[in-house]
Amino acid sequence: MKKLIVNADDFGLHTLINQGIIKGHQEGFITSTSIMPSADAYEEAVELARANPRLGIGIHLTLVGGVKPLLPKAKVASLLDGEGCFLPDYVAFVKRFYTGGIKRSELEAELRAQVEKALASGLNITHVDSHQHTHVLPGMNGLVRKLCNEYNIKRERIPKEGYTFSGGFAAGLGRKIGRCGLSFCADLARAGAARDGIRYPDYFFGMLAGGHLNAELVGNIIRALPDGVSEIMTHPGLETAPLAKLYAWHYTWETELASYLDEGNKALIKENNVQLISFGDL
């Protein structure tokens, strides 16, 4: 049987993202999302989640992307840039992490604070993933699994997309290399999750075309779904133009949202006998 989790990232980052995710859940086939406890629109996201109890809620652990930390800056200084925010992207984080510039005690304290804030909301937390997939980095994943076990969150995203899968997306060489590196790290994380009894979907889609999915590409993924549980990662939002002024990721938020409202894709879900689930159903 084919089962599918459609997980929208960045819940809580901005109200336009929050509203887009909820629209995609209520009117489309988004089944799950990942909330950012330290982001500016977190409280709104919590209220929206409470009003939509069928939407699965994970924790989007955040250590990059210019977001502010939960803990006071002085307690997590090794994680921050000169403005007191997390480093801009995973490349900057990787450089500092693997050259010893990040204090593990500060790293664990911040992640623990994010997990505890999400749990304190009273929401039914289904899983853990992370902003720009830092949770699967070697040396990071063991810490994340430790927290998963400690807080009894026994499901995790493993972002391993097939090394040769394109789904019709014309990616440049840089994206292909990045996807291969991430899939390799995800393979290592999957082995650790299996040892620790943490569950995860069998397959993952949406990495190569991350931020650029459209109705055709999502349809191609649906047609290609294998038997078992798959996850599609997505980044929907109500309006692209104002979000593009704030985040230099070149995402097409509106187009991604439209992919899950598309009547043709809804029909494909039914025609291919795909069962829509969330991480909580694993």
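The second largest cavity has a volume of about 30 Å³, and L61, V115, V128, V144, L147, C148 and I153 form its lining. By class this lining comprises 7 nonpolar, no polar and no charged residues, where Ala, Val, Leu, Ile, Met, Phe, Trp, Tyr, Cys and Pro count as nonpolar, Asp, Glu, Lys and Arg as charged, and the others, Gly among them, as polar. Helix α5 (residues 141-150) gives the largest share of this lining, 3 residues. The model is a predicted one, in which local features need pLDDT of at least 70 and side-chain atom pairs count only at pLDDT 80 or more, while totals for chains, interfaces and linings use all residues. Residues are numbered from 1 along each chain as its sequence is written, and side-chain values use heavy atoms, with hydrogens and water left out.

Grid points are joined across faces, edges and corners, and a volume is the space filled by probe spheres set on the points. By this rule there are 2 cavities of 30 Å³ or more. The largest cavity holds about 60 Å³ of space, and its lining consists of E161, F165, S166, G167, G206, L208, A209, L213, L217 and I221.

The volumes and lining classes of these spaces are set out below.

| Space | Volume | Lining by class |
|---|---|---|
| Largest pocket | about 760 Å³ | 12 nonpolar, 11 polar and 5 charged residues |
| Second largest pocket | about 450 Å³ | 11 nonpolar, 10 polar and 4 charged residues |
| Largest cavity | about 60 Å³ | 6 nonpolar, 3 polar and 1 charged residues |
| Second largest cavity | about 30 Å³ | 7 nonpolar, no polar and no charged residues |

The largest pocket, with its volume of about 760 Å³, is lined by 28 residues, of which Y90, Q132, H133, M207 and Y251 are the closest to its centre. At least two lining residues come from each of β1 (2-11), α3 (90-98) and α6 (173-195), and the largest share, 7 residues, is that of α6. Helices (H or I, at least four residues) and strands (E, at least two) are here DSSP runs, numbered from the N terminus.

The second largest pocket, at about 450 Å³, has 25 lining residues, and those closest to its centre are T31, R54, L55, G56 and S278. Two or more residues of this lining are given by each of β3 (56-61) and β4 (125-130). These two strands also pair with one another, in the parallel sense and over 5 bridges, a pairing being called when DSSP finds at least two bridges between two strands. Within this arrangement H60 stands opposite D129 in β4. Strand β4 is mostly covered, as 6 of its 6 residues are buried; buried means under 20% relative accessible area, exposed over 50%, and partly exposed in between (1.4 Å probe, protein chains only).

The loop between β4 and α5 contains T134, which counts as buried at 2% relative accessibility. Apart from neighbours within four places in sequence, T134 is in contact (heavy atoms within 4.5 Å) with L63, V64, Y90, F93 and M140. One of these partners, Y90, is also among the residues closest to the centre of the largest pocket.

I17 lies in helix α1 (residues 15-27) and is likewise buried, at 1% relative accessibility. Residues up to four places away in sequence aside, I17 touches D9, D10, P236, G237, L243 and W253. Among them, L243 is 226 residues from I17 along the chain, yet their C-alpha atoms are separated by 8.4 Å. In helix α9 (residues 253-261), A258 is partly exposed, with a relative accessible area of 39%. A258 and V274 are 16 residues apart in sequence, and their C-alpha atoms are 19 Å apart in space.

The structure holds 0 disulfides, a disulfide being a pair of cysteine sulfur atoms within 2.5 Å. For C180, the closest cysteine sulfur is that of C185, at 11 Å, which is too far for a bond. C180 is partly exposed at 30% relative accessibility, whereas C85 is buried, with a relative accessible area of 12%.

Definitions and conventions:
On a 1 Å grid over the protein atoms alone, a cavity is a set of points where a 1.4 Å probe fits but cannot get out, and a pocket is an open set with protein on both sides within 12 Å along at least five of seven lines; lining residues have an atom within 4 Å of a point.
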